[in-house]
Amino acid sequence: MPIYHKLGKFPPKRHTQFEKPSGGLYYEQLFGTIGFDGMSSLLYHVHRPTQVKEIGEAIDMSPKIAEAKHIKSRKLIGFDVAPKDDFLESREPMLVNNDVQIGLAAPKKSMTEYFYKNSDADEMLFIHKGTGTLKTFLGNIPFEYGDYLIIPRGMIYQIEFDTEENRILYAESFHPIYTPKRYRNWFGQLLEHSPFCERDYKLPQDLQTHDEKGEFLMKIKKQGMLHHLVYATHPFDVVGWDGYNYPYGFSIHNFEPITGRVHQPPPVHQTFETSAFVICSFCPRLYDYHPKSIPAPYNHSNIDSDEMLYYVDGDFMSRTGIGPGYISLHPAGIPHGPHPGTYEASIGKTKTEELAVMIDTFKPLQLTENAMKIDDGKYYKSWLEDPSDSQKG
Ligand SMILES: [Fe+2]
């Protein structure tokens, strides 16, 4: 996150003595990314952050692949994913490759018995249903419907839900998740043509410092394994920090759509980028205003990227038979486009209320066993103009 942020107290000069009121020193930690080359923060702990007491079991969290190579368009009924009490157990990977694991979760309970850290991947949690607080060792971020939560790898966190009705789309990215470079100046400030600005970010707040000793379970994801470590001190013991590496939130409702006289291409919806995929927000907006414009998209050949769309709310203009929580996957290799009737029906419409999140990956996505359970199985025939053709073969 290229904005300097700070919470709590820290010494005026980095790497110098920072004395506790009770005597002794606070323990400084440089929390960097990309070696010493990326964004970093400097943290000050009450206790050494290295006090491992026990290392317990390691559980293999690797997704189970059902179809690694395929060319079929898919429709997954996302709300058919069964709710589960535990946040991590509720996470079901659906579409995966070596760059990203995209999944759905319907957790019912807050995380209170353990702490969690993903050391493999930056996490993006998109909150479709539910409210609560992302609690981290760098401060808290309240969240609600429509929030993206970006959690850089290594952040220790817990998640607290206000109710049991929660639905989350998530992506675990093995590449750092940034905002699009073309919207930032050479220094990192968002430019005037960016569809969002720094004021829209939800930065960590309300830093809580726990000076506690005991046994604290931390589940750490590394190389696809979930390791169970017991620490001797409370992981949320930071008294202050400053820097650029921290979790943050951004509401999809604060994305200001870019519109034009004729149909605008998907990159205008781009919200985040990595070196391997992009995340786009399709938001309510006015339609194209050329007198002969066709608001629905043209057919397009995503020949070198897979396109995954997660439908959040509203009417999705170019699709039929789509509801909230559905995922469509348009794989690379074949073109796709509006469903029969929607192209013509879009003419003359002045606005859309659609709300969706799109993830386009440059490498093909594999389908997991979880995905096959909620696949409608016939979506790939949904573009046929003669419905009776769909009964054949
Ligand atoms: Fe598309």
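Student: By class, which residues make up the lining of the second largest cavity?

Tutor: Keeping in mind that this is a predicted model, the lining of that second largest cavity has six nonpolar, five polar and two charged residues.

Student: How much space lies in it, and which residues are closest to its centre?

Tutor: The second largest cavity holds about 80 Å³ of space, and of the 13 residues that line it, Ile258, Gln264, His269, Arg285 and Asp288 are the closest to its centre.

Student: And how many cavities does a search of the whole structure find?

Tutor: There are four of 30 Å³ or more.

Student: Switching to charges, how many salt bridges are there in the whole structure?

Tutor: The search finds 16 salt bridges, and one of them is between the side chains of Lys221 and Glu172, with an N to O distance of 2.9 Å. That pair links distant parts of the chain, as Lys221 belongs to strand 17 (residues 213–222) and Glu172 to strand 15, 49 residues apart.

Student: Are Lys221 and Glu172 buried or exposed?

Tutor: Both Lys221 and Glu172 are buried, and they also belong to one network, in which salt bridges that share partners join them with Arg91 and Glu123.

Student: What about Arg74, which partner does its side chain meet in a salt bridge?

Tutor: Arg74 meets Glu67, at 3.0 Å from N to O.

Student: Which residue forms a salt bridge with Lys135?

Tutor: Lys135 pairs with Glu160, and their closest N and O atoms are 3.3 Å apart. This pair also links distant parts of the chain, with Lys135 in strand 11 (residues 132–136) and Glu160 in strand 14 (residues 156–161), 25 residues apart. Glu160 has 32% relative accessibility and therefore counts as partly exposed.

Student: Where is Trp186 found, and why does it count as exposed?

Tutor: Trp186 sits in the loop between strand 15 (167–173) and strand 16 (201–202), and it counts as exposed because its relative accessibility is 81%, where the cut-off for that class is over 50%.

Definitions and conventions
Residues numbered from 1 in each chain as written. Predicted model: local features only at pLDDT ≥ 70, side-chain atom pairs only at ≥ 80, totals over all residues. Heavy atoms only, no water. Helix = DSSP H or I, 4+ residues; strand = E, 2+ residues; numbered from the N terminus. Buried < 20%, exposed > 50% of the residue type's maximum accessible area, 1.4 Å probe, protein only. Salt bridge = Lys/Arg side-chain N within 4 Å of Asp/Glu carboxyl O. 1 Å grid on protein atoms, 1.4 Å probe; cavity = no way out; pocket = protein on both sides within 12 Å on 5 of 7 lines; lining within 4 Å. Points joined across faces, edges and corners; volume = space filled by probe spheres on them. Nonpolar A, V, L, I, M, F, W, Y, C, P; charged D, E, K, R; others polar.
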